[in-house]
Every structure is written in structure tokens, then in C-alpha cells.
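Please open the structure in your viewer and follow the selections below in order.

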Amino acid sequence: MAVGSSVEIVENVAIEGYVVVNDLYGEYYKTIVISDESGGIELMIDCDNTAVEFPVSARVTVHCTGLSVGVYGGRVMLGAVPERDFTVDRLSMQEAARHIKVDKSTPTEIRAKEKKINEISTADVSNYVMIDDVEFVDQGLTWCDKDPLTEEYITTTRTVSDSEGRRIGVRTIASCSYRAERLPEGRGRLYGVVEYFNGEFALRVVNHGVVFNK
């Protein structure tokens, strides 16, 4: 249904999936990603503690009638019908209670799809993936840079490379809890959600999914 920048859903449609990321590590802000074997989608919610309301591995049913779905930079987003020229608006918690059913009683872990850098395509955007045997090109740097004027952290894209020299950006937003940590040394694997940002594919690490050996 996401055939444009914003499409209101009038059909009686519900989707199900499992939460693969929330704001536990600050990697996403007022957004969760739900996923299953068929793919993933971003759900925009005006919630300051999605880790509590929508814990990772919880089963989620979203009743989509009256919501809006749209594409922004290749990413599919689901949320409230926008009041202005946005893709979607964030659901208020009252709206979320009407549209979203969360089952925390039977958590199910979604296995990340293993992908090589050269295999990532538009079909993988918003999907939960694992990229193995990579190293950071930006050795010695932290996950996020600081603004030289304000000294506040800013959203930053670093780069990883595989054994064949193929590269992909790793995008970390400024609210991430490990923003000030140095990038891991050596080679390893990253778990994250595929994004399409500034005309290129990128990975957003989720749940601090960083497994490296020095």
C-alpha cells in the first residue's frame, strides 16, 4: 500500500510482527521496528519509553484502518495520518492503545537474516539483518561526532568494510547510549536494521548488536 509519500489506509487491514528494536539503547527515538520473516516496518509512536511499552520480542498486532503508510528515503513508515506535509505523524499513546495490541506473554526472538554487503537491496530496507566479518574503517573514533560549536553529539555515519573491500555506512543517532564509546577494533559482526539514507544503503545497529574480536 505504500505507493507514495503518504497513503491513508481505508481497508480493514491488520498486520502482525515482533518488536526487533525500541529505545532501550537510544538507537531509535519514538519509533519501534516490527518484523517477521517477510520483512520489517517502522511504527512511529509518541512514546518516551518504548522499551517498556513495546519490549523486544513482544508480539504486536497493528489494526491499520485509519492509519497512514508512506515511504521516506526508501523506508516504509506506519503512523497517524499527517496533519502537515509529512510522511506520517506519530501516534499518540491514546491512538496507539486503540490500534496496537501488545502480547508480552509469549516473546519470540526474530533471527536476523545474514547478509553480505553486496547483497543488500531495496527489499531489505527496514529488515533486521546481520553482517559478518567486517571491520570499521574509522578506527580510533567514537560512534558519534560532536558538534564543534555546541559540543553536543550529532548523528554520525561511520563505515565498515568486508574482506573484499566492499563498504557500507553505519548510522548512529545522537541519542544512542553508546555514542561516546570508541568503535570496536578488529573484525566481527553487526546486527541492525537496513536503512536507505542520502541515496545509499546504511545499517542502524540495534540492541547494541556488536560482536567483535580484537
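Begin by selecting D133, which is partly exposed at a relative accessible area of 35%; buried denotes under 20% relative accessible area, exposed over 50%, and partly exposed the range in between, computed with a 1.4 Å probe on protein chains only. The model is predicted: local features need pLDDT of at least 70, side-chain atom pairs count only at pLDDT 80 or more, and totals for chains, interfaces and linings use all residues. Residues are numbered from 1 along each chain as its sequence is written, and side-chain values use heavy atoms, with hydrogens and water left out.

D133 and R187 form a salt bridge whose closest N and O atoms lie 2.9 Å apart (a side-chain nitrogen of Lys or Arg within 4 Å of a carboxyl oxygen of Asp or Glu). The two residues belong to distant parts of the chain, 54 residues apart: D133 is in strand β10 (residues 128-136) and R187 in strand β15 (residues 187-197). Strands (E, at least two residues) are DSSP runs, numbered from the N terminus. R187 is likewise partly exposed, at 28% relative accessibility.

Next, select E195 and R171. Their salt bridge has its closest N and O atoms at 3.0 Å. E195 lies in strand β15 and R171 in strand β14 (residues 167-172), so this pair ties together parts 24 residues apart in sequence. Both E195 and R171 are buried.

R204 is buried, as is E195.

Finally, select K30, D46 and D48, which salt bridges with shared partners join into one network. The structure holds 13 salt bridges.

Note on methods: Helices (H or I, at least four residues) and strands (E, at least two) are DSSP runs, numbered from the N terminus.
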